[in-house]
Number of protein chains: 2
Amino acid sequence: MSNQERSAPERDDRTGDCRPGLLTAPLDEAHAADLARTFKALGDPVRLRLLSLIASRAGGEVCVCELTPAFTLSQPTISHHLRLLRQAGLIDRERRGTWVYYRAQPPALDRLAAFLTATPHPTTTV
Amino acid sequence: MSNQERSAPERDDRTGDCRPGLLTAPLDEAHAADLARTFKALGDPVRLRLLSLIASRAGGEVCVCELTPAFTLSQPTISHHLRLLRQAGLIDRERRGTWVYYRAQPPALDRLAAFLTATPHPTTTV
DNA sequence: ATCCGACATCGACGAACGTCAATATAGAAG
DNA sequence: CTTCTATATTGACGTTCGTCGATGTCGGAT
């Protein structure tokens, strides 16, 4: 006795596979794991504030010596969060003398935004 | 013991506060906490696949009875992930008879995409 | 009424996470 | 060389997360 005797709802579709869509196609496991790693990096208020501090900077780069005192957290903790953001490809760093400067990585942000950008079929069932 | 004797780098800016920008302004603690909760909901491969399965559906809604068998996870686990997505405001549900249908919440996705959309100052320092 | 199936909630467990103090590394200055 | 400062790494701790099996709830059918 198949457990779907009550006429389960329909099933169809399987749209193209052109990459960016959250709403374009069902998203296979590999891409899901990759994207999840990036979104997880954004899933912490401290990292979001760090990223916004860096990305909103007109000059494009911010010294760690400016980021650390902006929080009530310890210096190793800030360093840890910066590493996670960097491993997610969201920021990049450059050492200059004694100081280290972080800068945002716009392509990565754009990729995420494009992935979330919605409604390829605004024709809501018509 | 002023720990900045070596003439630390400059500091300026403090752009407007018009809401959406990751790159517009530094993002205060309250908004950071709120956004972090949403991004955390996206920071899991299972939830990303669930969301894409729901959002990419032409009809707009998907029955749980279709989502659960798409994974090797137990039914309670899928239910748990759906709840987190719903609490993040990313999806909504509707009961119809014995079955429950989930549907994407495009405004929430658009808000996130707008937040990430980059480069208000594409003048990359040359 | 009773029974069955779809979905949600509960409790428990190991794994991953955020945080810290302590320590290490790298570069500048004396 | 040594010393000092800026940043990173390590190791440990409590908390949160993802998962499961067991159980609860709701609705339809009999």
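Helix α4(A) supplies the largest share of the surface near DNA strand C, five residues; a residue is near a molecule or strand if one of its heavy atoms lies within 4 Å of it. Helices (H or I, at least four residues) and strands (E, at least two) are DSSP runs, numbered from the N terminus. This is a predicted model, in which local features need pLDDT of at least 70, side-chain atom pairs count only at pLDDT 80 or more, and totals for chains, interfaces and linings use all residues. Residues are numbered from 1 along each chain as its sequence is written, chains are lettered from A and ligands numbered from 1 in the order in which they are written, and side-chain values use heavy atoms, with hydrogens and water left out.

**Surroundings of DNA strand C**
- DNA strand C is surrounded by 26 residues, and the closest are Thr77(A), His81(A), Gln75(B), Ser79(B) and Tyr102(B).
- Sugar or phosphate accounts for 78% of the DNA strand C atoms within 4 Å of the protein, and bases for the rest.

**Polar contacts (pairs of N or O atoms within 3.5 Å)**
- His81(A) places a polar side-chain atom 2.3 Å from a phosphate oxygen of DNA strand C.
- Val100(B) has a polar backbone atom 3.4 Å from a phosphate oxygen of DNA strand C.

**Strands of chain B**
- Strands pair if DSSP finds at least two bridges between them.
- β1(B) (residues 61-63) runs antiparallel to β3(B), with three bridges.
- β2(B) (residues 91-96) is also antiparallel to β3(B), with six bridges.
- Arg103(B) in β3(B) is the bridge partner of Glu61(B) and of Asp92(B).

Note on methods
Polar contact = N/O pair within 3.5 Å; in protein donor to acceptor, adjacent residues only side chain to side chain.
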